[in-house]
Amino acid sequence: MDAANERAVKVLNSLIETTLDSAHGYEEAAQNANSGQLKTLFSERSRRRMDLTRQLQQEVRTFGGEPETDQSILGKAHNKFVDIKNALTGGASEASVVDEVERGEDFIKGKYETALQDEELPSNVRQMLSQAYASIRADHDEISLLKRSMH
C-alpha cells in the first residue's frame, strides 16, 4: 500500500473508532434517558452513527486496508465511567445525560474538522468526510440547543 493510501486508512480508522465511541455513547444515553423523546432521539443517533461507521469501514477496504471494528480504549473507559457514576448516584438526570452527549458531540465534531483539514487525503475521501461532517455538525448543533433549553 502506498503512503497516500496508508495515510487515508489511518485517518479513516481513527474516525471509525471515534464514530463507534459516539454510537455507543448515544446507546448509553438512550438507556439513561427518562424521557421517551430523548430515548428515541439518542437511539436514532446511535443507529445513524453505526451507519456512518459502516460507510467509513467500506472506504478503508477500497484502499486495501483493514477497517477498525471496535471503539477506542478511551471511549470504552468513558462508557464504563458513566456506568459507574450512574450506579453510584442512582441514575443520571436528563440534563446530565444531555451534558455528556454534548461533550461527545464536541469531540467528534473536532475530530472530523481536523480530518477535513488534512490536505494529504484523497479528494474522494475528503468529499465523503465533508458530507459526514455536515451531518455531525447538524447533530452537534441540535444537542447544543437542547442543552440550552434544559438549563
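Which residues have the most contacts inside the largest nonpolar core? Hi everyone, let's start there. They are Leu12, Leu15, Leu56, Tyr112 and Leu129, in a core of 22 residues. By nonpolar core I mean buried Ala, Val, Leu, Ile, Met, Phe, Trp, Tyr and Cys residues joined through side-chain atoms within 4.5 Å; buried is under 20% relative accessible area, with a 1.4 Å probe and protein chains only.

A quick word on the model: it is predicted, so local features need pLDDT of at least 70, side-chain atom pairs count only at pLDDT 80 or more, and totals for chains, interfaces and linings use all residues. Residues are numbered from 1 along each chain as its sequence is written, and side-chain values use heavy atoms, leaving out hydrogens and water.

Helices H1 (3-32), H2 (36-62), H4 (94-116) and H5 (123-150) each supply at least two of its residues; helices here are DSSP runs of H or I, at least four residues, numbered from the N terminus. H1 gives the most, with 7 residues.

Take Leu15: beyond its neighbours within four places in sequence, Leu15 is in contact (heavy atoms within 4.5 Å) with Leu56, Lys111, Tyr112, Ala115 and Leu129. Apart from this core lies another, of 10 residues, including Ala30 and Val97.

Now for H2. Its buried residues, among them Leu38, Phe42 and Leu56, pack against H1, H4 and H5. At its start, a side-chain oxygen of Ser35 comes to within 3.2 Å of the backbone nitrogen of Gln37. After H2 comes Gly64, with a positive phi near 80 degrees. Thanks, everyone!

Methods: Buried < 20%, exposed > 50% of the residue type's maximum accessible area, 1.4 Å probe, protein only. Polar contact = N/O pair within 3.5 Å; in protein donor to acceptor, adjacent residues only side chain to side chain.
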